Amino acid sequence: MILEILTYPDDFLRKTAKPVAAVDKEIWEIIENMADTMYSAPGVGLAAIQAGIDKSIIIYDPDADSEKRGYQALINPKVISTSGETVSENEGCLSVPDFRSDVPRAEKVVVEGLDREGKAVRIEADGLLSVILQHEIDHLNGILFIDRISPLKRGMYKKRRKKALKRSDQAS
Ligand code: NI
């Protein structure tokens with residue numbers, strides 16, 4: 001099932017996700033719906049918060065747009081450490097329409113969490129996967145990528161977004 005993705009400035013996106021107590025059928029269903037939603041968007045990552053679900057779950061697939069497609073889910077993910085240089089991918093977000101920006105991120109990240117079976121996993125990532133994990137785990141803490149860019153750029157986006165929302169209000 002495809003879920004509705006909340007967009008900036010929806011307050012729900014500022015919530016801190018609650019830890020998942022047990023990985024059960026309900027969680028598997030949420031994960032499946034999140035995957036349907038991510039691929040249809042399309043995107044390379046999604047946090048449950050973005051779909052209005054207040055749980056600490058992310059899914060990601062750096063190969064979402066290729067034939068190698070296959071997603072991973074992480075439950076209660078935590079960044080354990082970051083290292084390496086500061087890197088920037090031109091980031092976008094399904095909850096921040098019509099905007100992309102470089103965002104300073106750590107080159108490497110170590111993340112721990114639970115997999116779909118509820119088993120503890122540790123992921124050491126670099127490159128695009130490292131950036132995706134940092135971006136999605138930010139969502140679980142109520143942080144959007146625009147919070148990590150310069151105030152000037154953020155201010156410009158906020159203004160533009162406000163105008164676009166006003167226009168769509170008048171059209172409906
Ligand atoms: Ni995002």
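This is a short tour of a predicted model, stop by stop.

**Stop 1: the nickel ion**

Three residues coordinate the ion: Cys93 through SG, His135 through NE2 and His139 through NE2. The distances run from 2.1 to 2.3 Å. Now look at the chain itself. The donors are spaced as C-x41-H-x3-H. Colour strand 4 (residues 90-93) and helix 2 (residues 127-140) next. Cys93 sits in strand 4 and His139 in helix 2, so this pair ties together parts that are 46 residues apart in sequence. Are Cys93 and His139 buried or exposed? Both are buried.

**Stop 2: the largest pocket**

The largest pocket holds about 420 Å³ of space. Its lining has 22 residues. Select Val44, Glu91, Gly92, Cys93 and Arg100: these lie closest to the pocket centre.

Helix 2 supplies the largest share, six residues. Colour the lining by type. Ten residues are nonpolar, seven are polar and five are charged.

**Stop 3: Ser95**

Select Ser95. Ser95 is in the loop between strand 4 and strand 5 (96-102). Its relative accessibility is 0%, so Ser95 counts as buried; the cut-off for buried is under 20%.

Show the side chain of Ser95 and follow two links. One goes to the backbone oxygen of Leu6, at 2.8 Å. The other is a polar contact with the side chain of Gln50, at 3.0 Å. Then widen the selection. Setting aside neighbours within four places in sequence, Ser95 is in contact with Ile5, Leu6, Thr7, Tyr8, Leu13 and Gln50. Keep Leu13 displayed for the last stop.

**Stop 4: Gly142**

Select Gly142. Where is Gly142 found? In the loop between helix 2 and helix 3 (151-171). At 8% relative accessibility, Gly142 counts as buried.

Beyond neighbours within four places in sequence, Gly142 touches Leu13, Arg14, Lys15 and Asp147. Leu13 therefore turns up at both stops under the 4.5 Å cut-off for contact, in the contact list of Ser95 and in that of Gly142.

Finish with a distance. Pick the C-alpha atoms of Gly142 and Glu89. They are separated by 20 Å, and the two residues are 53 residues apart along the chain.

Technical notes:
Residues are numbered from 1 along each chain as its sequence is written. This is a predicted model: local features need pLDDT of at least 70, side-chain atom pairs count only at pLDDT 80 or more; totals for chains, interfaces and linings use all residues. Side-chain values use heavy atoms; hydrogens and water are left out. Donors are N, O and S atoms within 2.8 Å of the metal (3.2 Å for Na, K and Ca); water is not among the atoms, so sites may look incomplete. Helices (H or I, at least four residues) and strands (E, at least two) are DSSP runs, numbered from the N terminus. Buried means under 20% relative accessible area, exposed over 50%, partly exposed in between (1.4 Å probe, protein chains only). A polar contact is a pair of N or O atoms within 3.5 Å; within protein, one must be able to donate a hydrogen and the other to accept it, and residues adjacent in sequence count only if both atoms are side-chain atoms. On a 1 Å grid over the protein atoms alone, a cavity is a set of points where a 1.4 Å probe fits but cannot get out, and a pocket is an open set with protein on both sides within 12 Å along at least five of seven lines; lining residues have an atom within 4 Å of a point. Grid points are joined across faces, edges and corners, and a volume is the space filled by probe spheres set on the points. Ala, Val, Leu, Ile, Met, Phe, Trp, Tyr, Cys and Pro count as nonpolar, Asp, Glu, Lys and Arg as charged, and the others, Gly among them, as polar.
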